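Visitor: Hello! I am new to this structure and would like a short tour, please.
Guide: Welcome, let us take a look together.

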Amino acid sequence: MRLTTSILLTLPITLATADQPAQKPLQAWFDKAKAYLPNAATAPVASTASKAASTAVTTLTKENWQSVLTPSTTDPFSGPETWMVFFTGGNKTCYGRCTGVETAWNESAAILAADPTAPNLATADCDQSPVLCAIWAANPPTIWHIQLPVTGAEQSKPATTVRIVGLNTTTTTAREIVKIHTEKTYEKRPVYESALHPFDGWVAQYGLSTPLGYIMYGFANVPSWAFMIVISMGSRFVM
């Protein structure tokens with residue numbers, strides 16, 4: 001009887017000790033989030049981790065990007081809806097150098113989940129969606145900071161403000177990506193203005209973005225020797 005009582009008394013202590021190693025990584029993550037986001041609320045660890053796990057980063061494709069990057073409200077007083085779109089790639093479009101940046105992006109996405117003012121997040125892989133990247137004329141690794149204007153039913157659509165933040169393939173950290181939002185470092189970049197602007201450029205206004213994207217993708221995949229043959233045959237025909 002005494003032996004059984006001793007076991008029962010020591011069991012809670014043993015279980016508490018066993019839980020400590022599992023809690024340490026979670027607490028370390030929370031401390032990291034608080035360090036990156038000084039204004040983040042001090043919520044319980046479990047609640048913050050749950051929010052981080054449930055936060056979705058939307059994957060963009062040539063089929064869904066226009067429907068995804070649309071304001072979720074028609075209330076003009078709500079202000080612009082902000083997105084951060086991360087363009088990455090594999091061996092074809094990023095030459096195998098985007099792995100480190102992808103890790104930093106994934107860490108920053110989890111950290112931004114602790115900030116209630118964080119923008120919407122999306123990602124596009126130029127190896128898997130090359131036509132989309134051609135439509136946007138996007139090169140990995142970059143983050144496009146987008147402010148989608150919200151307009152009423154009878155209001156004209158204001159310009160969509162886009163700024164492109166280039167990322168270093170060797171030195172980019174999660175802290176640097178988080179600062180795009182928390183310290184508004186995107187404002188150091190010029191506003192993107194181009195005929196290929198995915199929202200306001202004349203190519204998009206005339207509905208030519210997708211056809212032109214396919215054309216640009218096709219030219220990008222034509223081998224250089226094919227161009228040389230065409231040039232050679234053309235020069236002989238002219239002569």
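Visitor: How do the residues of the lining of the largest pocket divide into nonpolar, polar and charged?
Guide: A word first: this is a predicted model. The largest pocket holds about 420 Å³ of space. Its lining has 16 residues, and closest to the centre are Thr-93, Cys-126, Pro-130, Tyr-217 and Ala-220. By type, the lining divides into 11 nonpolar, 3 polar and 2 charged residues.

Visitor: Which elements give two or more residues to the lining of that largest pocket?
Guide: Pro-130 and Tyr-217 are among the residues closest to the pocket's centre. Their numbers fall in the ranges 130-136 and 209-220, and the elements with those ranges are the ones you ask about: helix 5 and helix 8.

Visitor: In what order do the strands form the open sheet, and which are the edge strands?
Guide: The sheet has 5 strands with mixed pairing, in the order 1-3-2-4-5. An edge strand pairs on one side only, which here describes strand 1 (58-59) and strand 5 (161-166).

Visitor: Which element gives the most to the largest nonpolar core?
Guide: This core has 21 residues, and Trp-136 and Trp-144 are among those with the most contacts inside it. Trp-144 is also in contact with Trp-136 itself, as well as with others including Trp-83 and Phe-87. Strand 2, strand 3, helix 5 and strand 4 each supply at least two core residues. The most, 5 residues, come from helix 5.

Visitor: Is Tyr-95, with its positive phi, buried or exposed?
Guide: Most residues other than glycine have a negative phi. Tyr-95 has a positive one of about 55°, and it lies in the loop between strand 2 and helix 4. Its relative accessible area is 60%, and since exposed means over 50%, Tyr-95 is exposed.

Visitor: Which peptide bond is cis?
Guide: Most peptide bonds are trans. Look at the loop between helix 5 and strand 4, where Pro-141 is found; Ala-137, with a positive phi near 55°, lies in that loop too. With omega near -5°, the cis bond is the one from Pro-140 to Pro-141.

Terms used:
Residues numbered from 1 in each chain as written. Predicted model: local features only at pLDDT ≥ 70, side-chain atom pairs only at ≥ 80, totals over all residues. Heavy atoms only, no water. 1 Å grid on protein atoms, 1.4 Å probe; cavity = no way out; pocket = protein on both sides within 12 Å on 5 of 7 lines; lining within 4 Å. Points joined across faces, edges and corners; volume = space filled by probe spheres on them. Helix = DSSP H or I, 4+ residues; strand = E, 2+ residues; numbered from the N terminus. Nonpolar A, V, L, I, M, F, W, Y, C, P; charged D, E, K, R; others polar. Pairing = 2+ DSSP bridges. Core = buried A, V, L, I, M, F, W, Y, C linked by side-chain atoms within 4.5 Å. Buried < 20%, exposed > 50% of the residue type's maximum accessible area, 1.4 Å probe, protein only. Contact = heavy atoms within 4.5 Å. Lists of a residue's contacts leave out its neighbours within four places in sequence.
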